[in-house]
Amino acid sequence: MADVLLWLIAVEVVGLAAWPVAYTLLPFLKDRGYALSKPLGLLLLTYPVWLLGSLQLLPATRVTVFGVLGLLVVGGGVLFWRRRQEFLAYVRREKGTLLVTEAVFIALYLAWVGYRLFDPAINITEKPMDFAFLNASLRAHYFPPEDPWLAGQPLSYYYLGHLMMATLAKLTRILPAVAYNLALALLTALAGAAAFSLVVTLVTGVSREVAARRAWVYGLLGVVLLVVVSNLLGVFEGLRLSGVGSSGFWGWLQVKGLEGPNPTESWVPQEHWWWWRSTRIIDTLKDGQSLDYTINEFPFFSFLLGDLHAHVMSLPFVLLVLGYCLNFLRDPTAEDRPYSWRRLPFLGTLALALGALGFINLWDLPIFALVVAGALFLRFLMANPQGALLRTGLRALPLMGLVLPLAWLLYAPFYTSFSSQVSGLWPVQGPTTRYVHFLIIWGLFLAPVAAMTLGHLASLLRQDRRLTFNAVVVLGVVAAPFLVWALANVLVGESPAWVASRLAHLLPFLALGWASLYGVLEGARRQAPVSLLVTLGLVFTATILLMFPELFYVGDLFNNRMNTVFKLSYQAWVLLALASASALYYWQGQLQQAPWGWKLAHSGAWALFFLLLAGSLYYPAAAAYSKAGGFQGSPTLDGLAYVKEEIPGEYEAIQELQAKAPLGARMIEAVGDDYSSYGRVSASTGIPTLLGWEGHELQWRGSSKPLEGRKEIVDRIYRTLDAAHAEALLAQEGIEYVVVGPREVSRYGLMGMEKFDAFMDRFFSQDGFIVYQRRPAGGGK
């Protein structure tokens with residue numbers, strides 16, 4: 001387990017080197033950026049390596065990585081030394097919060113390392129794709145990396161998250177197949193510690209008299225809500241196992257795979273991959289067929305599944321950006337000199353973090369650019385609460401005009417070369433989300449956030465029963481997406497009655513969105529605590545994210561709202577997890593001040609919340625136990641150990657290629673179906689093959705043109721009996737290595753394989769798995 005410790009030490013060193021930077025830039029967070037220093041440090045380490053490599057100034061070697069780390073350590077050390085007395089005094093004063101934050105990080109890291117020991121395999125779903133990106137980033141000296149599944153083409157994907165994990169692997173020299181699983185554990189820990197920090201800051205921002213231990217309780221609740229709990233489908237899984245419910249009830253519920261009661265003596269469902277259906281709830285079924293197939297993934301499922309996807313890797317960095325926003329809103333000096341040059345390091349690193357979001361997961365950039373803009377606007381509104389909203393926006397505009405373009409400019413080499421398959425924004429005209437499905441997914445969060453939002457609205461109305469002009473402005477903002485959608489549909493001839501039915505469906509979204517945003521604006525006008533305004537802002541943003549896919553979807557290869565529901569609901573989960581933990585604190589405060597009738601209602605709501613919380617904890621335990629095979633296997637973190645068992649020769653060939661293949665080398669292996677073992681050697685080494693997962697390449701590029709002819713060339717190379725023809729094709733495509741293993745024989749037959757011995761050397765051969773290497777020019781047999 002030396003790799004586990006080495007990976008942890010590397011992350012701790014990077015985090016400690018960056019903490020003086022975070023301490024200086026984020027002084028208004030309770031832990032002064034301690035939890036966020038780790039993702040910030042990874043960004044400060046990786047960004048210079050990427051930029052130097054992108055500009056072709058310096059290769060991304062291990063020496064370069066150590067050089068950048070050395071500069072980060074020196075820079076952090078200088079900042080620490082200049083403020084060492086203040087720094088040490090702070091550590092002594094807040095050592096409890098710092099220790100609990102670190103304990104959360106280490107506990108989550110070790111817990112998920114423990115899980116991955118029994119479920120390490122980098123196979124099925126899109127793990128091979130993510131492993132390919134990791135290896136391509138690790139292998140690359142300049143950027144963008146060459147696409148491991150489309151030799152000669154740059155990687156057409158947002159890959160900064162993979163590059164960060166590859167940088168750690170390069171720093172520690174941990175094997176990629178092990179680093180992959182350590183990266184999954186690390187991301188969970190980074191997200192959990194960051195959530196703890198932000199919630200503790202929100203709670204202690206209400207009053208300086210909040211006891212530290214009480215704040216820690218709410219912080220830990222925020223961690224649980226973000227990375228531990230599931231949606232409420234686990235409750236229904238348990239009911240089904242107990243034989244509860246008629247066939248009519250399960251038919252009405254309409255969740256694929258839950259067709260009726262299924263009593264069993266086991267405490268977990270026995271169907272193959274039963275845990276998968278918790279992320280495929282939103283659907284409309286007709287005769288068992290999907291009319292509205294969508295994805296409603298949540299963080300625990302992501303970590304359990306083990307895909308090192310962009311939306312998973314962005315979690316700590318989304319929280320980093322939110323931490324910057326929270327710090328700015330709590331900064332009492334922001335209203336005095338918002339454009340002071342002393343604020344440039346803060347604004348510059350905020351832009352660095354915001355721009356990174358799009359490079360890690362492109363979906364995050366537009367959403368959190370709006371969140372940053374909203375935070376800047378709100379801070380100026382808090383400074384002049386009686387000012388006109390338009391004037392406030394104009395005052396905030398210069399800061400927005402600095403941060404948002406800078407976020408793009410800092411990553412211009414990526415953004416100017418990246419091509420997307422997005423075809424536009426289209427109105428949703430098919431089925432919408434059924435309320436029962438919505439409540440299964442979001443019921444746990446809705447209990448506290450709706451109660452807090454409505455309680456705050458009631459408090460505002462008790463102070464002044466008259467609604468201000470802000471109420472009209474807010475209604476226009478919240479209703480704007482629907483009005484645009486309605487106009488688009490009326491123009492194409494849809495009936496007003498059908499449009500009105502969609503409005504009726506959206507009323508709960510509109511009501512919660514209106515109440516939360518009105519609470520923010522009126523709360524700012526009446527000088528409510530910043531933490532309350534932030535919590536309401538999180539609720540408003542999440543509500544809009546959930547309402548948006550009921551009206552529009554982002555056009556892509558699938559031409560439906562599947563990905564839009566998926567990506568926006570994932571962001572909403574993050575926001576609602578933080579908001580719910582904070583809302584529970586405010587909810588408790590409202591309970592103490594409320595009349596006895598309200599107290600009774602609130603007590604019932606509290607009981608409901610904790611009942612739902614308990615129900616949401618069944619799925620994580622049962623799903624982890626089921627997916628890990630009851631934790632009965634031999635523990636290992638090697639994600640390719642299954643290959644070693646199935647095809648030992650292939651495993652050893654991968655190790656040889658990783659160790660000895662020169663930079664710039666290319667290979668070919670059999671082309672087959674996506675989501676299969678085809679393309680495994682290239683994915684596991686980062687050595688580009690002529691064509692890997694064809695369907696995914698089409699998704700990433702939005703065009704089949706770069707793929708044209710490649711499949712046929714691979715076919716001819718393997719099938720032809722003419723050695724000279726095969727040699728000419730290999731030379732034409734710049735191929736140095738040819739893989740001949742079970743997949744190649746199965747796909748192309750044995751007859752054409754012997755020719756490779758005539759003009760190539762056997763780079764590797766074991767148990768019938770052969771890797772050929774082209775001979776140097778003029779070389780003999």
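# Close-up views of a predicted model

**View 1. R32 is placed in the loop between helix 1 and helix 2.** In this predicted model, local features need pLDDT of at least 70 and side-chain atom pairs count only at pLDDT 80 or more, while totals for chains, interfaces and linings use all residues. Residues are numbered from 1 along each chain as its sequence is written, and side-chain values use heavy atoms, with hydrogens and water left out. Helices (DSSP runs of H or I, at least four residues) and strands (DSSP runs of E, at least two) are numbered from the N terminus. R32 has a positive phi of about 50°, although R32 is not a glycine. Most residues other than glycine have a negative phi. With a relative accessibility of 11%, R32 counts as buried, where buried means under 20% relative accessible area, exposed over 50% and partly exposed in between, for a 1.4 Å probe and protein chains only.

**View 2. Helix 2 spans residues 37–54 and is largely enclosed by the rest of the structure.** From the first C-alpha to the last, the 18 residues of helix 2 reach 25 Å, which is close to the 26 Å expected at 1.5 Å a residue; the expected span is 1.5 Å times one less than the number of residues. Of these 18 residues, 15 are buried. Just after helix 2, Q56 takes a positive phi of about 60°.

**View 3. Helix 19 (residues 435–463) has a kink centred on W442.** The kink is about 75°, the bend at a residue being the angle between axes fitted to the seven residues ending there and the seven starting there. Although helix 19 has 29 residues, its end C-alpha atoms are only 34 Å apart, short of the 42 Å that a straight helix would reach at 1.5 Å a residue.

**View 4. R343 and D331 are joined by a salt bridge between their side chains.** The N to O distance is 2.9 Å, and a salt bridge here is a side-chain nitrogen of Lys or Arg within 4 Å of a carboxyl oxygen of Asp or Glu. Both R343 and D331 lie in the loop between helix 14 (315–330) and helix 15 (344–360), so the pair ties together parts that are 12 residues apart in sequence. R343 and D331 are both buried. The structure holds 26 salt bridges, and elsewhere E237, R240, E271 and R277 are linked in a network of them.

**View 5. In helix 27 (residues 648–660), E656 and K660 form a salt bridge.** An α-helix has 3.6 residues a turn, so residues three or four places apart point the same way. E656 is partly exposed, with a relative accessible area of 25%, whereas K660, at 52%, counts as exposed.

**View 6. Strand 7 (residues 760–766) and strand 8 (residues 769–774) run antiparallel and are joined by 6 bridges.** The two strands form a hairpin with 2 residues between them, and D767 in the turn has a positive phi of about 55°. S765 stands opposite I770 in strand 8. Strand 5 runs parallel to strand 6 (residues 737–740), with 2 bridges between them, and M667 stands opposite Y737 in strand 6.

**View 7. The peptide bond from F143 to P144 is cis, with omega near 5°.** Most peptide bonds are trans. P144 lies in the loop between helix 6 (127–139) and helix 7 (160–172). In the loop between helix 5 (95–116) and helix 6 lies I124, which has a positive phi of about 50° although it is not a glycine. I124 is partly exposed, with a relative accessible area of 38%.

How values were computed: Two strands pair if DSSP finds at least two bridges between them.
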